[in-house]
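Dear colleague,

Please find the structure below, handed over for your use. My findings follow it.

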Amino acid sequence: MATIIMNHALIEHKLSIMRDKNTPSYLFKQNLDDIAQLMVYEVTKNLPLKDKEVVTPICATTGKQLAQDIILVPILRAGLGLLDGFRNMIKEVKVGFLGMARDEETLIPHEYYAKLPKNLDKAKVIIIDPMLATGGSSVDALDNIKAKGAKDIVLACLVAAPEGVKLIEEKHPDIDIYIAHLDDHLNEKGYIVPGLGDAGDRLFGTDES
Ligand code: PRP
Ligand code: URA
């Protein structure tokens, strides 16, 4: 449906801290938490609303409330880095998990875990993953979630490569994609350039290099 690139000043500032290879894991996480909360603003801007009768201290009025349940689905592991920020802003969410790991040689993802809430068909499902590289993991996640009944899905990523965006647009043209920053290209190892390296390793301090 639409690809929305945020290009937000504060996100850009914090993303540059995350990109710096000398930024330690705890600061990487702190900045990702902050960025996630800024991303929520954009991702939830046009969520459907329904009327709600409220009585203020002054009078009765018709307010608004979210019309749909919201289900967040972080793609493990790195998607967990966006979860706290999103949950801080949208309190009444359910959370599902999809574990996807990319083979470092073939770049083909495989699913190793799936635990999703019921009623996917009626909810707004927000898939969160900081990195959209080849797009393989996100395409598989979308295939999986659609097969389990989800109909109204958006994908929210921190950094994306044009190659990954193109693949999602081809394979899942019904999906809105929210991207904080569109990077330049993928390198020969399938890493986003300039990117920020392996998001899962940097987030959890498992980069042994
Ligand atoms: C990373 C990232 C995405 C995927 C993107 O996960 O979190 O899920 O790579 O790459 P793609 O678009 O080419 O599929 P990774 O497989 O490194 O697992 P991790 O989060 O556990 O480190
Ligand atoms: N996964 C990552 O974590 N980083 C990349 O640059 C590409 C895929």
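The notes below cover conventions, the overall fold and one residue.

This is a predicted model, in which local features need pLDDT of at least 70 and side-chain atom pairs count only at pLDDT 80 or more, while totals for chains, interfaces and linings use all residues. Residues are numbered from 1 along each chain as its sequence is written, chains are lettered from A and ligands numbered from 1 in the order in which they are written, and side-chain values use heavy atoms, without hydrogens and water.

The protein chain contains six helices and 13 strands (DSSP runs, H or I of at least four residues and E of at least two, numbered from the N terminus). Its radius of gyration is 18 Å, close to the 17 Å given by the globule rule for 209 residues, so the chain is as compact as a globular protein of that length (taken over C-alpha atoms; the rule is 2.2 Å times the number of residues to the power 0.38). Along the principal axes, the C-alpha atoms fill a box of roughly 60 × 35 × 25 Å. Buried residues (under 20% relative accessible area, 1.4 Å probe, protein chains only) make up 45% of the 209 residues.

Val165 is located in helix α5, residues 162-171. With 8% relative accessibility, Val165 counts as buried. Beyond its neighbours within four places in sequence, Val165 is in contact (heavy atoms within 4.5 Å) with Thr3, Leu132, Ala160, Ile177, Ile179 and Leu182. The C-alpha atoms of Val165 and Gln37 are separated by 22 Å, the two residues being 128 residues apart along the chain.

Yours sincerely

Conventions. Buried means under 20% relative accessible area, exposed over 50%, partly exposed in between (1.4 Å probe, protein chains only).
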